[in-house]
Amino acid sequence: MIRIDKNNTTLKLVFSALMIAIAVVLSLFEFKGMWIYGGGVTFCSMLPLVIIAWVYGTKWGLFSSFVYAILQMVLGFSNVLYGSTFLMMLLIALLDYIVAYTSIGFAAVFRNKFSNRMTEIGCGTVLALFLRFVCHFISGWAIWEALWPNEMGMASPIYSLVYNGSYMLPEIVITTVVALILEKVLHFSRWGEGSSSRSARV
């Protein structure tokens with residue numbers, strides 16, 4: 001089993017930076033389906049952040065996810081500029097980027113809450129990505145409808161639910177399933193357990 005020394009600051013930074021970089025690269029590749037009204041489904045771009053949270057805990061997971069959120073905001077800064085006022089731009093930055101992606105750090109919040117580790121990982125991953133969905137849903141309902149009214153005649157909350165749910169639901173399912181498979185094979189939830197303070201074994 002892989003062991004990672006949680007007390008090794010250099011290893012912690014390098015590992016987290018590598019996971020964040022992988023997450024950013026994965027986020028650049030999206031696929032769409034006939035059911036998708038907006039956005040795109042990535043192949044587990046959130047999974048590296050889930051792994052960070054499980055290896056180093058929720059606090060570090062939130063910090064790492066915040067760093068990732070900043071990077072995503074920089075990459076998608078043109079979307080922030082759609083806001084017609086400074087307040088709208090600020091809310092887009094917060095709801096669609098900062099808060100939405102930082103919430104992935106909660107993926108390990110159920111650690112030691114259930115008797116089964118697979119259940120903990122499954123529930124934590126679903127919760128973290130659901131929180132991201134909630135942020136996008138609120139943004140779509142309260143902000144984007146005023147900037148970009150939908151042409152389907154749907155009520156604002158319904159359209160935001162359909163628009164964001166059409167890509168976030170597959171994202172949640174795919175990420176959760178792959179996280180459970182990787183846990184079964186690699187036991188990543190235990191990488192930071194039982195390691196010495198002097199060395200890391202891989």
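**Group meeting: a walk through the predicted model**

Helices here are DSSP runs of H or I with at least four residues, strands are runs of E with at least two, and both are numbered from the N terminus. Phi of asparagine 112 is near 65°, a positive value in a residue other than glycine. Asparagine 112 counts as exposed because its relative accessible area is 59%; the cut-offs are under 20% for buried, over 50% for exposed, and partly exposed in between, with a 1.4 Å probe and protein chains only.

Some ground rules. This is a predicted model, in which local features need pLDDT of at least 70 and side-chain atom pairs count only at pLDDT 80 or more, while totals for chains, interfaces and linings use all residues. Residues are numbered from 1 along each chain as its sequence is written, and side-chain values use heavy atoms, with hydrogens and water left out.

On confidence: pLDDT is the predictor's own confidence in each residue, from 0 to 100. The chain averages 91, and 95% of the residues score at least 70. Confidence is lowest in strand β1, residues 30–31, at a mean of 88, and highest in helix α2, residues 47–56, at 98. Over residues 196–202 the pLDDT is below 50, and this stretch has 13 contacts in the model beyond near neighbours in sequence. A contact means heavy atoms within 4.5 Å. Where pLDDT is low, the predicted coordinates should not be read in detail.

Now the core. A nonpolar core is a set of buried Ala, Val, Leu, Ile, Met, Phe, Trp, Tyr and Cys residues joined through side-chain atoms within 4.5 Å. Which residues touch the most other members of the largest one? They are Phe15, Leu49, Ile51 and Tyr68, out of 47 residues in that core. At least two core residues come from each of α1 (9–27), α2, α3 (58–75), α5 (86–102), α6 (117–147) and α7 (156–186). Helix α2 gives the largest share, nine residues.

Tyrosine 68 is worth a look. Leaving aside neighbours within four places in sequence, tyrosine 68 is in contact with Ile20, Ala23, Val24, Ser27, Ser45, Met46, Leu49 and Tyr101.

Staying with α2, that helix also holds alanine 53. Alanine 53 is buried, because its relative accessible area is 0%. With residues up to four places away set aside, the contacts of alanine 53 are Thr58, Gly61, Gly105, Ala107 and Ala108. Between alanine 53 and serine 16, 37 residues apart in sequence, the C-alpha to C-alpha distance is 9.6 Å.

Cysteine 44 has a positive phi of about 60° although it is not a glycine. Is cysteine 44 buried or exposed? Buried, because its relative accessibility is 3%.

Cysteine 44 is also one of the residues touched by glutamate 171. Glutamate 171 lies in helix α7 and counts as buried, because its relative accessibility is 1%. Outside four places in sequence, glutamate 171 touches Gly40, Val41, Thr42, Cys44, Ser45, Leu129 and Arg132. The C-alpha atoms of glutamate 171 and methionine 46 are separated by 8.8 Å, with the two residues 125 apart along the chain.

Next, the largest pocket, which has a volume of about 920 Å³. For the lining, 32 residues contribute, and Gly39, Asn79, Tyr97, Tyr163 and Tyr167 lie nearest the centre. On a 1 Å grid over the protein atoms alone, a pocket is an open set of points where a 1.4 Å probe fits, with protein on both sides within 12 Å along at least five of seven lines, and lining residues have an atom within 4 Å of a point. Grid points are joined across faces, edges and corners, and the volume is the space filled by probe spheres set on the points.

Helices α3, α5, α6 and α7 each give two or more residues to the lining, and α7 has the largest share, six residues. By type, the lining divides into twelve nonpolar, 13 polar and seven charged residues. Here Ala, Val, Leu, Ile, Met, Phe, Trp, Tyr, Cys and Pro count as nonpolar, Asp, Glu, Lys and Arg as charged, and the others, Gly among them, as polar.

Threonine 102 lies in helix α5 and is buried, because its relative accessible area is 16%. Beyond four places in sequence, threonine 102 is in contact with Leu62, Ser65, Phe66, Ala69 and Tyr97. Tryptophan 148 lies in the loop between α6 and α7 and is exposed, because its relative accessible area is 55%. The C-alpha atoms of tryptophan 148 and tyrosine 97 are separated by 18 Å.
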